[in-house]
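Me: I have a chain open on my screen and would like to go through it piece by piece. Can you help me read it?

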Amino acid sequence: MMMHALSTRIPPSIYTPSQGFHKCSFACRVLRQSPLAVPARAEGIESHRRSQVLRTTALGTLLSAFHMGSSKAETFGFDIPAGSEKWWTPETTAVVTGANKGIGWAIAANMAAQGIRTVVAARDEGRGKAAVARIQQETGSKDVLLAQLDISDGNSVSAFANWSQQHLPKGIDILVNNAGVAYKGNAFGPDEAQFTLSTNFWGTKALCEALNSQIKDGGRVVNVCSVAGKLRIIKDQALQQRFETASSPGDVETLAKKFVDDVRAGRHSQEGWPNSMYGVSKLCESTYTRILAKQLQPRRVTVSACCPGYVSTDMSSHRGVKTTAEGADTPTFLALVLPAEQTGQWWTDRQSQGF
Ligand SMILES: NC(=O)c1ccc[n+]([C@@H]2O[C@H](COP(=O)([O-])OP(=O)(O)OC[C@H]3O[C@@H](n4cnc5c(N)ncnc54)[C@H](OP(=O)(O)O)[C@@H]3O)[C@@H](O)[C@H]2O)c1
């Protein structure tokens, strides 16, 4: 089954670190947006996409990889800590969003290398095919599927959920929400804020909700957030408290909407918000992660937020100090190794920290 050709309505993911960074253990840094950038077009753009999947043929994928000029920038590799239980089997299924490149590609390759059935969810068919080809070639796994998914597009999310119900009838063991965007440079404005939150927060939330019933009891959800979205980026005490006490997805949505509205009204600073659209989007994503962990606890689903560190990808303009294999390490650790009782935590470099 062929995927439909996709329009490129979304600008490339971008992320430029600049001054004002604060360091985390692996030089993960707070971002500043710049005006450079890309037209913000999160909303209302025509989409004719349908989520479809194909098990790519060897010839097709190789041609596609060649055609797309598939980069070899990504590396992967994951060591299972001694003594940890290898609970997965070839029946185990992992879905990784934004898996056509960068950290997502490396996470998907790690899953495939473990013999896990891996769904590469990508918003562009050509880039997705090239990614599948490289994963198959470099891991030797044949059980790598390609599915179209644009998390910022409700229709695409619904179509993906329908597809997975049909093609993954035994359910999803592991969902890694890795897809994300960030503006390069100083871009800042209401449309840019809407676009950033529509992908990083609302898109991630929409996918979690759409796949909720398909995630198996005892499964794992890993949300790739960022140290740029830690609670401390909010200096205003009252606003910080609203994040700390948020107890439903609706509470987080209200805060996300308030940020966009405040930016639109030119009052975001006086309302206590920082100048980082990316930071706020990731704070909303990690706050949602904490709430989702509580919601799914009765079903023993382990839900984690993490920062991959400052990684050399397109998003960081390849300035990151970590390889993609190193960036994928903590998300892979959370997906495969983390004990189930440690749900609802925020991680970096395999260490749990506060939100
Ligand atoms: N790199 C870092 O230093 C760093 C630090 C902290 C956190 N992170 C987080 O790590 C994650 C991966 O980042 P990366 O560095 O690997 O970035 P990247 O190389 O730019 O890759 C981002 C991936 O997300 C996909 N994507 C973007 N918008 C999407 C959408 N609406 N629907 C589906 N897929 C979408 C991209 O697809 P296309 O190829 O189609 O654009 C791409 O596959 C992100 O969530 C990012 O915020 C990265």
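What follows is a chat about the helices and strands of this chain.

Reply: Keep in mind that the model is predicted.

Me: Ok. How many helices and strands does the chain have?
Reply: The secondary structure comes to nine helices and nine strands.

Me: And what share of the residues is buried?
Reply: Of the 355 residues in the chain, 56% count as buried.

Me: Strands next. Is E3 buried or exposed?
Reply: Strand E3 covers residues 117-122, and six of its six residues are buried, so E3 is largely enclosed by the rest of the structure.

Me: Which residues of E3 point which way?
Reply: Arg117, Val119 and Ala121 point one way, while Thr118, Val120 and Ala122 point the other way. All of them are buried.

Me: Which strand is joined to E3 by five bridges?
Reply: Strand E2, residues 93-97, and the two run parallel. Valine 95 stands opposite valine 119 of E3.

Me: What about E6, how many of its residues are buried?
Reply: Seven of the ten residues in strand E6 (residues 215-224) are buried, so E6 is largely enclosed by the rest of the structure.

Me: Which strand pairs with E6?
Reply: Strand E5, residues 172-177, is joined to E6 by five bridges, and they run parallel. Valine 176 stands opposite valine 222 in E6.

Me: Helices now. At what angle do H2 and H3 pack?
Reply: Helix H2 (residues 102-113) and helix H3 (residues 125-139) pack at about 40°, and their axes are 10 Å apart. H2 and H3 are therefore oblique to each other. The crossing of H2 past H3 is right-handed.

Me: Which residues make that contact?
Reply: From H2 there are Trp105, Ala108, Ala109, Ala112 and Ala113, and from H3 there are Ala131, Ile135, Glu138 and Thr139. By class, the contact of H2 with H3 has seven nonpolar residues, one polar and one charged.

Me: Moving on to H5 and H8. How do their axes cross?
Reply: The axes of helix H5 (residues 190-211) and helix H8 (residues 277-296) come within 8 Å and cross at roughly 15°. H5 and H8 are therefore roughly parallel to each other. H5 passes H8 in a right-handed crossing.

Me: Which residues meet there?
Reply: Among them are Leu197, Phe201 and Lys205 in H5, and Tyr278, Glu285 and Leu292 in H8. By class, the contact of H5 with H8 has nine nonpolar, four polar and four charged residues.

Me: And H7 with H8, what is the angle?
Reply: Helix H7 (residues 249-264) packs with H8 at about 170°, with the axes 9 Å apart. H7 and H8 are therefore roughly antiparallel to each other.

Me: Who meets whom there?
Reply: Pro249, Val252, Leu255, Ala256 and Phe259 in H7 meet Val280, Cys284, Thr287, Tyr288 and Ile291 in H8. By class, the contact of H7 with H8 has nine nonpolar residues, one polar and no charged ones.

Me: How far is lysine 294 from glycine 344?
Reply: Lysine 294 and glycine 344 are 50 residues apart in sequence and 7.0 Å apart in space, C-alpha to C-alpha.

Key: Residues numbered from 1 in each chain as written. Predicted model: local features only at pLDDT ≥ 70, side-chain atom pairs only at ≥ 80, totals over all residues. Axes fitted to C-alpha atoms, helices over the stretch in contact; angles between N-to-C directions. Helix = DSSP H or I, 4+ residues; strand = E, 2+ residues; numbered from the N terminus. Parallel < 35°, antiparallel > 145°, perpendicular 65-115°, else oblique. Left-handed = near helix turned anticlockwise from the far one by under 90°. Contact = placed C-beta atoms within 7 Å. Nonpolar A, V, L, I, M, F, W, Y, C, P; charged D, E, K, R; others polar. Buried ≥ 20, exposed ≤ 12 C-beta atoms within 10 Å, placed from the backbone. Pairing = 2+ DSSP bridges.
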